[in-house]
Amino acid sequence: MLTSSMLGNDSNEIDVALPEEQAEAQKLRETAAVQRKKRRRRISKVEPEKERIPYHTEPAPPPSPADPKPNTDSPSALAAEAYQWIRQRSAEMLEQTDTAVQPKPEEFVNPVEMITEPEPIAIPTAVERHDPLERVQAAEQAQQQRKRQEEQRKLHMIEAAEQYRAETAAAKPIVKRQLRRAERVWQKTAKAVQAEQQQPKIDRRLAIVNSVCCLALVFGIAAAALMLERPTVSEIENRNLAAMPEFSVSNYLAGKYTAGISEWYDDTVPHRETFKHWTAKLRQMMGWHKTGATIHGDVPIVQETTTTAVTTIDPALSVTTTAATGTTTTTTTVPEDDGGELSNSILIHNKRGIMLYGGNETIGEGYAMSVNQFKAALGEQVQVYSMVVPTPCSFYTPEKFQYLVTSEEKAIGYIASRLDGVKHVDAYGALEQHADEPIFMRTDHHWSALGAFYAAETFSEVARVPFARMSSYTKVEKEGYVGTLYGYSGDITLKENPETFFYYVPSAQYTTTYYNRSMGGKHQRSLLLDLTNIKPASWYLVYMGSDDLVCHVQTEVKNSRKLAIFKDSYGNALVPWLTSSFEEIYVIDVRYFEPNAITFLQERGVTDVLFAMNSFSASGANARKIDTIRTQ
Amino acid sequence: MTRAEALEQLTPVFREVFDDDSITLFPEMTAADIEEWDSVEHFNLISAVEKRFGMRFQMREVSGMKNVGEMADIVAERAK
Amino acid sequence: MVFSSLIFLYLFLPVCLLCYGLSPSITAKNVVLIIFSLVFYAWGEPVYILLLLGSVLVNYLFGLAIEHNKDKPKQSGAWLGVSLVFNIGLLGVFKYSAFIVENLNLIPHVDLPVPDLRLPIGISFYTFQILSYLIDLQWGKVACQKNPLYFLLYISMFPQLVAGPIVRYSIVEQEIRNRSVTLTEFSQGMTRFILGLAKKVILANHLSVIVETFLEADVSQLTIVGAWYALIVYALQVYFDFSGYSDMAIGMGLMFGFHFDENFCHPFLCKDISEFWQRWHISLGTFFRDYLLYVPIFGKRRKYGGLFLVWFCTGLWHGASWNFIIWGLYFGFFVFLEQCIGKKQMKKIPLVIRHLYSKLVVIIGFGIFYFEDMGRLLQCLRSMIGLNGNAVFDQVTRLSMLNNLWLLVAALVCCFPLYDWLQKLRNRSTSMSYSIGILQNVCNVALLLVSSVLLVDATNNPFLYFRF
């Protein structure tokens with residue numbers, strides 16, 4: 001390391017010189033000082049003056065007043081200073097960066113060492129210094145040489161310093177990046193270590209919160225389930241909910257008792273309807289329904305040859321099957337229908353529920369034959385009519401889903417072609433003309449009073465009976481109707497878009513008598529029920545109430561025409577429209593009639609028999625029913 | 001035969017079954033220490049050991065051995 | 001009683017937890033567990049509970065006999081043999097007699113009456129647990145359980161009684177006598193239970209509706225996409241159904257202080273079939289591996305014989321029908337294939353192909369699992385490759401996918417180890433730990449509520465593996 005003493009040797013020499021030399025030397029010193037100042041300023045422009053951090057980590061001792069002022073005048077001091085500065089900068093950076101960044105010691109070129117040692121100045125020997133002028137000259141020369149060399153050295157130093165600065169400047173971003181990365185890693189590790197240390201404590205706290213919340217929930221709901229009142233009827237599903245079973249040893253051993261308790265507990269949840277509503281909403285959230293159509297139930301694969309069709313069961317009978325809603329079958333006080341299965345393919349489109357018809361063309365064969373035989377049994381005096389009513393799928397199924405349904409028109413047409421002696425009533429044509437009117441209900445599988453009107457009108461033409469105009473009826477509307485299709489499909493779209501239920505009250509006078517299915521239990525009641533206390537889902541019951549009563553209407557019409565309607569639930573809606581057409585009307589459900597139909601009709605002097613049911617019902621199972629009531 | 005000897009003689013068998021010449025056996029070694037050693041490779045190993053030493057393992061041993069040391073003990077006991 | 005029913009969640013379980021929590025000593029706790037377990041089983045099987053109790057008693061005595069003859073391997077082996085015959089015989093009678101007789105009747109001139117025995121719930125599971133105890137006892141791996149009540153507890157413990165996992169005695173041996181539940185573990189158990197419940201009620205039940213829609217109908221009418229879609233959904237349904245139930249069992253076990261082994265480990269992440277079976281129904285796989293794989297009945301051909309036996313039995317265990325046996329052997333074939341290729345070669349095959357291959361095999365495997373009727377299976381397979389002349393895609397499939405879009409996405413996402421990823425995230429820093437922890441707690445409550453609401457509507461959702 002260059003020491004000031006090495007550089008300062010000559011100054012000592014100079015001090016020994018003559019006064020002129022001393023003056024010269026003084027001048028040199030001044031210029032050097034000026035130059036030093038200049039350089040200092042230059043240096044300070046490049047890099048802000050930093051605190052002098054020594055290479056070693058101990059803090060620099062503060063300069064005490066007693067310390068001699070550092071000899072900054074001599075070139076050697078300048079070099080030392082510059083060198084010191086470089087050293088400090090590199091020290092700072094080395095301290096903070098990875099050792100990887102630190103240039104290897106062998107690569108670190110001490111810029112000062114780059115400078116070649118000054119050539120030894122040829123100092124004139126004592127002999128040569130004999131001549132004072134020569135001595136001075138020699139000294140001057142020597143000084144000049146020294147000066148030049150100093151200049152050179154300074155230049156070298158500056159160059160070296162600049163070079164090093166450039167290199168470190170280049171290295172700086174790398175170093176900075178490394179610094180930042182190291183910082184990040186350290187932070188991450190520190191956090192992870194801290195997290196690991198704290199983990200048990202955190203876990204414990206969270207465990208407390210979790211356990212408390214969940215247990216509170218479980219126990220709270222358990223208590224609520226036990227203490228709150230439990231419903232007994234489901235409006236939406238239109239059935240009675242499970243009841244607490246009776247204990248008997250055989251029941252218990254068969255597992256029915258415990259299963260019954262489970263069912264009761266699960267079925268009669270307090271505020272059940274609200275939960276069902278929420279369930280429907282959650283189910284809705286499981287998919288993307290912007291296409292506007294949803295299918296519920298089985299894929300309605302259209303069969304080529306099938307003899308079993310599906311029948312509609314009047315929901316008023318309160319029987320559901322497992323397929324439709326996933327609820328277990330429960331029977332109510334009303335007897336179970338053993339005739340058919342519920343179609344559970346429901347397409348929801350445009351806020352309308354459409355049951356998808358899947359019967360093939362010849363599916364009505366059995367029905368047609370049964371009706372023919374009925375006619376044959378009744379003879380020539382009695383007119384027999386067949387009205388097979390289409391369902392919404394014929395009119396409202398969108399184009400792209402047409403392949404899911406078979407043609408009701410064809411099926412009905414086929415039946416018409418097979419009728420023998422029985423007159424066909426073209427309800428399809430009548431409804432088709434008015435398809436854009438509300439002839440079917442949106443949320444229920446029944447037709448509306450308006451649809452029944454058009455069908456009844458057509459029937460009256462075929463039967464050649466008078467028919468009262470609609471203006472003689474009073475329309476009654478009730479808002480907020482959500483029908484059976486919501487219960488069957490569980491689709492929230494239907495629940496959220498209720499419709500207006502309407503029916504028409506005839507102005508004609510008539511009396512209505514009801515009998516049970518064996519023609520006993522005679523009692524009088526109105527034709528159209530009072531719906532004030534009836535929940536929306538059951539408003540279709542307005543027509544005569546449940547299906548298993550036989551209804552006898554006596555009107556003021558005196559044309560000796562007596563009508564018997566053998567029907568499913570669709571037929572119910574026709575009756576009000578015919579109160580000005582026939583003297584007497586009997587309304588009989590083919591499923592719930594015990595006497596022999598032929599005898600009954602002959603005893604009562606019935607002149608016209610109408611079979612009115614929808615396409616789903618005009619099939620095998622009900623055909624058998626028609627045979628049964630004919631022959632029983 | 002001692003356990004150590006058995007271990008020594010088992011080493012080439014292991015190396016061949018698992019096709020890995022770097023395997024060195026130690027008594028506490030288990031299936032977790034060799035990557036390829038699963039229930040079906042175990043079969044191959046058992047068969048190879050049985051063949052090499054002319055002995056049979058009992059079923060309880062085949063699925064019940066805890067580590068190579070146990071295997072070595074059984075081999076040491078029964079090898080011909 | 002089914003785990004995913006309101007009466008279990010909000011009547012049985014709270015009362016049980018209350019009684020268990022209030023019990024002062026381990027003995028009292030065990031008694032509480034036994035009583036509740038018996039009530040639980042009797043709820044579904046009021047008659048066959050006697051079978052369970054009888055079986056437990058007889059096998060307890062067998063255990064004592066084996067223990068008594070500890071030093072005489074021949075005698076203890078003989079006792080083990082007798083007990084095996086008894087237990088497997090019992091299982092065979094209840095589960096397989098009809099199947100066996102039906103097949104015997106195929107032989108000309110053989111016309112035996114087909115027995116009509118109802119299968120007791122959980123018999124496959126508890127029979128195997130008993131077997132594991134007896135075999136381990138004879139092999140000297142576990143100590144004999146001299147306390148009949150504790151043995152009854154092991155067999156009848158309600159979390160794992162009716163549908164697994166098949167818990168080996170060695171796992172609970174210590175914990176029967178000596179266990180404690182820390183708050184953290186209780187909370188973990190609760191979380192696990194709720195996750196399992198959510199898997200079952202939210203995912204599996206709704207996926208099953210899709211499967212019913214497509215596969216209950218005429219499968220020869222399915223489109224190509226429709227058939228694949230239906231089977232993929234079915235695979236997901238079975239996974240969430242079964243693993244959900246296992247999660248509930250493990251969670252409840254944890255709440256009582258028992259540490260059961262995992263039964264499922266994200267099986268759809270597998271790269272090949274051998275790995276699939278290390279991740280699917282692990283307790284069954286390990287059971288067969290430990291007790292059946294090395295049976296020396298095939299002499300020199302041990303390996304192949306063992307494999308055949310294991311896979312035959314795996315299939316057979318799932319049901320008394322040929323399609324299940326074929327299913328087992330189908331997987332056995334692929335495991336064998338992979339064995340032949342060798343692990344090193346398998347690793348060289350690119351990852352994408354391995355994933356694709358394994359998923360393909362698994363999906364078709366589930367097709368075999370679903371259709372008990374071979375004819376329908378063939379029709380479905382034909383539909384899958386379009387041999388039935390149907391279109392590739394149709395409106396019904398499209399609608400089904402759209403109407404269930406988020407459900408399907410959630411189902412696919414939940415095949416991944418989300419919980420583990422979240423845990424790893426938690427380890428980053430304390431604030432992450434807290435926030436994710438709180439998130440998990442909120443999710444727990446939400447999932448519990450959602451599942452409960454959905455359960456109100458579904459009064460009928462029996463667990464798929466219930467009759468096993």
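These notebook entries record what I looked up in the predicted model above.

**Conventions.** I number residues from 1 along each chain as its sequence is written, with chains lettered from A and ligands numbered from 1 in the order in which they are written. Because the model is predicted, local features need pLDDT of at least 70 and side-chain atom pairs count only at pLDDT 80 or more, while totals for chains, interfaces and linings use all residues.

**Chain A, domains.** I read the domain assignment, whose bounds come from an automatic or database source. It lists domain 1 (4-192), domain 2 (239-287) and domain 3 (315-631). Taken over C-alpha atoms, the centres of domain 2 and domain 3 of chain A are 32 Å apart.

**Chain B, helix pair.** I looked up helix 1 (residues 3-17) and helix 4 (residues 68-78) of chain B, whose axes come within 8 Å and cross at roughly 105°. Axes are lines fitted to C-alpha atoms over the stretch in contact, with angles from 0 to 180 degrees between N-to-C directions. The two helices of chain B are therefore roughly perpendicular (65 to 115 degrees). Helices are DSSP runs (H or I, at least four residues), numbered from the N terminus.

**Chains B and C.** I found 13 residues of chain C in contact with 10 residues of chain B (C-beta atoms, placed from the backbone, within 7 Å). On the chain C side, helix 12 (282-291) and helix 13 (302-318) each supply at least two residues, and helix 13 gives the most, with 3 residues.

Note on methods: Contact = placed C-beta atoms within 7 Å. Parallel < 35°, antiparallel > 145°, perpendicular 65-115°, else oblique.
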